[in-house]
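Here are a few exercises to work through with the coordinates open. Try each one before reading its solution.

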Amino acid sequence: WKDKFGGEKSSDKTLNFSIVEDQKILTQIDELSLTGEKKPGGKITITAKIKNTGNVAYSYQIGLNVKPVGGTKITISPADYRNERIEIGQTVTKVFSATIPSDAKAGNWEAYSAVWKDKFGGEKSSDKTLNFSITGK
């Protein structure tokens, strides 16, 4: 304004801007389940249901370990899923398979799964443990 606010304008300019919400990368393992023969030599399938509860789509990593409690992990297939894209609000299902070693002793076992925000060994977004028992032959 030339002389007073609300008087004659000398020039004007509009500034456009937007407010951006902080990006929250957050994935939750909603379910971890196991089916199959829980005995030595048995084939098992572990299913993980993962939901993006954050406010941004991104690529995540998920891994799984299966082992006797206090023991050594066994081989699973696939070993992990890398660079899997998940959209906001989307739920995805990942399936892992394993064979219980034929010399496995009856006892308590665990399947542990974790989702990482960017890379394995980086910041975890979610993890879950499923406990189960192996029966004798």
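Contact here means heavy atoms within 4.5 Å. This is a predicted model, where local features need pLDDT of at least 70, side-chain atom pairs count only at pLDDT 80 or more, and totals for chains, interfaces and linings use all residues. Residues are numbered from 1 along each chain as its sequence is written, and side-chain values use heavy atoms, with hydrogens and water left out.

**Exercise 1. The chain overall**

Work out the secondary structure pattern of the protein chain, and find what share of its contacts between residues at least 6 apart joins residues at least 24 apart.

Solution. 
- Start with the elements: helices (H or I, at least four residues) and strands (E, at least two) are DSSP runs, numbered from the N terminus. The protein chain has zero helices and eight strands, so its pattern reads β-β-β-β-β-β-β-β by that definition.
- Next, the contacts: among those between residues at least 6 apart in sequence, 63% join residues at least 24 apart.
- Then burial, where buried means under 20% relative accessible area, exposed over 50%, and partly exposed in between (1.4 Å probe, protein chains only). Of the 137 residues in the protein chain, 32% are buried.
- Finally, the surface, by the Shrake-Rupley method with a 1.4 Å probe, and for residues with only the protein chains shown as cover. The protein chain exposes about 8800 Å², with 48% of it supplied by carbon and sulfur atoms.

**Exercise 2. Salt bridges**

How many salt bridges does a search of the whole structure find?

Solution. 
- The criterion is a side-chain nitrogen of Lys or Arg within 4 Å of a carboxyl oxygen of Asp or Glu. The search returns six.
- One of them pairs Glu110 with Lys67, the closest N and O atoms being 3.3 Å apart. The pair links distant parts of the chain, with Glu110 in strand 7 (residues 107-116) and Lys67 in strand 3 (residues 58-68), 43 residues apart.
- Another joins Glu84 and Lys94 at 2.8 Å, N to O. Glu84 lies in strand 5 (residues 80-86) and Lys94 in strand 6 (residues 91-99), 10 residues apart. Glu84 counts as partly exposed at 22%, and Lys94 is buried at 13%.
- Lys124 and Asp127 meet at 4.0 Å. Lys124 is partly exposed at 40%, and Asp127 is partly exposed at 40%.

**Exercise 3. Around Thr47**

Which residues is Thr47 in contact with, leaving aside its neighbours within four places in sequence?

Solution. 
- Thr47 is buried, at 17% relative accessible area.
- The contacts are Glu31, Leu32, Ser33, Thr93, Lys94 and Val95.
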